[in-house]
Amino acid sequence: MRVVLHLFLQSSRISRKRAFLTIASIAWGTVSILLLLSFGEGLKRQFSKNRNSTGGNIAVMWPSETTKSWKGMPPGRPIRLTLDDVDYVRERMPELRSVLGEVVSWRTNLAYGPKTVNGRVLGTQAVYGETRRHYAVAGGRFFNDGDEAEKRRVVFLGDELAKDIFGKEDPVGRTLLLNNSPFTVIGVMVHKRQMGVYGGPDENHAVIPSTTFKALFGRDRLNVLVIETWQPEEMAGALKRLNEILGSKHGYDPTDDRALATWNIVKTSQINRNVALGLQIFLGIIGVLTLVIGGVGVANIMFAVVKERTREIGVKMALGARTSWITGPFVLEGLVYTLVGGAAGMLIALLLVTPLGYLPIEKNAVLEFLGRPTLSPAIGFVTAAVLGLIGTLAGYFPARRAAAIDPAATLRYE
Amino acid sequence: MAKDVTPAPAADGAIIRMEGIRKVYDTGTVRVEALKGIDLVVRKGEFVAIVGPSGSGKSTLMNLIGCLDTPTDGAYFLAGERVAGLTRDQLADVRNRRVGFVFQSFNLLPQITSLENVEMPLLFGGVPPKKRRERAAEMLAKVGLADRMDHKPTELSGGQMQRVAIARAMAMSPDILLADEPTGNLDSTSGGDIMSVFADLWRQGSTLLVITHDAGLARRASRVVEIQDGRIVGGSGVGGPAAIEFSAPHP
């Protein structure tokens, strides 16, 4: 190895320009692979963030009509759930992370001073704030169990709705009239890019405690029942059990998956995740191909060097160089070019991507979808592995050709 | 002599013992028999000149002697060691320790200094860096280039380059120095210089085998072997401790 190193240092003194060009091509390839992968990573994270903005491992159910006969009753019966069913399920399925019901009043009159708008008002439980990602802008809060127990007249506003009513004014603490009943605004939702929407975007509704809703509107019939599991893989079993519990209570076949029309967001997110992953793999392949082109460049130059140094190699063989002393410097040279180029490329990519992390993507429809390009350790690892492989191969094949040189043939002729 | 004999005893002083050596180049379409049965013995301390017209097989013979190539047929003992069935790396080691090469076209490595050129075989021979440097400097001083150690080959004259090549060839104290037309690319003055260097080496006890067209150089040899058409056809000037041995019929 010492001999190889010595020979390598001796030969690398020459052709700095060529070395520079080769290193630059590898750096370029590395930058491309890193940018593409970081773009993919940003997209994936944004996908996941947007998906999570509706909720984590949740499933949404709309009470509908039975499609199977059950205990002598014909299909086509409507299923009705009320706020009581929320407690009923919560008691019987303690394994769930949360259970909540939503009661809705569409086109409700919302008035503040001279300003009047028609909006959607949702009655639900305090746990909704966390489960459905209704985080409050600083200075406000979502309503809590106390508000619910006391049937307090408090309202939490979606950010778009708040803007419609209050404009630039801070709504928190103001009094809003819901169907002429005064409510105190206790919070405004932090803006989010929502991918899974049902009923309407969260930014456009007003949320109040279900107890208050029942008192005000005189209704407790659920529009929607939402359950949340701790882990995504628990969802299928949870839905089965839920139908058994509610099926026996409300008299429908537990295998009738139409009685409660169900949107299993966990399943949808899995698909989204796979799409994002597929996209990232695709981008990665493009990046790897770019890098391979750089590697071919290195190999090409190394082949040229071998050809150019044929006589030199023959002389070294005549002087007693072993095969590995002939091949070693070439392999090392290929590796050094690749690794130096790779390191330079990584640095450049880092310098390019880091400022992108501070890009203001909020409120920009395209960027909110694309997300910010992000470099992760995994990306670095993949790139380093690809670089190492390409570097080794780019040196190996030319070295093999060098080793095949017949010293007698190269020294025989002038 | 019979082929496939038992290894020749090194004690007889034969540095080179070739028995019935044949070399056939077969390119698929053309089959050239470059050597047609060579028996040759070179003993320690001899200065043998091989002469013959071009195409006679001189260079092929030198490649075989130098272990750069292997014979198609026949037995070859270098310093008593049978050179057959050795791996590439073993052959490389044999070349490194036993043989020193001097070429017509010098074949110095152009990017490195004279000193580094001379160090090269020492590097392959596993000599540690400090000793390597000392030995290389000593060899260059011996050929009168003590003041050219840090010069690159392109900064030297032809005669100087060939002297560097000789220093390089002798660095590992080989059993034999092989030179292929060492004065072929030199003017007569430089050629004369090189001849003197060879003569000095011989006087100091080295074994030399030189292929040459140069009558002046051949005259200095202790023995001349003439090759023609792949066969040894004659010899004269028997010198040194041993007589010429060849089995080829005299014309």
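Good morning. In chain B, strand 4 (residues 73-78) and strand 5 pair in the antiparallel sense over two bridges; strands are DSSP runs of E of at least two residues, helices are runs of H or I of at least four residues, and both are numbered from the N terminus. Two strands count as paired if DSSP finds at least two bridges between them. Within this pair, B:F77 stands opposite B:R82 of strand 5.

This is a predicted model, in which local features need pLDDT of at least 70 and side-chain atom pairs count only at pLDDT 80 or more, while totals for chains, interfaces and linings use all residues. Residues are numbered from 1 along each chain as its sequence is written, and chains are lettered from A and ligands numbered from 1 in the order in which they are written.

The two strands belong to an open sheet of four strands in chain B, with the order 2-1-4-5 and antiparallel pairing. Its edge strands, each pairing on one side only, are strand 2 (31-43) and strand 5 (81-82).

I turn now to the contact between the chains. Chain A contributes 22 residues and chain B 24 residues, where contact means that C-beta atoms, placed from the backbone, lie within 7 Å. On the side of chain A that touches chain B, at least two residues each come from helix 1 (2-11), helix 10 (310-318), helix 11 (323-356) and helix 14 (407-412). Helix 10 of chain A gives the most to that side, with six residues.

Finally, helix 3 of chain B passes helix 5 of chain B in a right-handed crossing, a term for the near helix being turned clockwise from the far one by less than a right angle, anticlockwise being left-handed. Thank you.

How values were computed
Contact = placed C-beta atoms within 7 Å.
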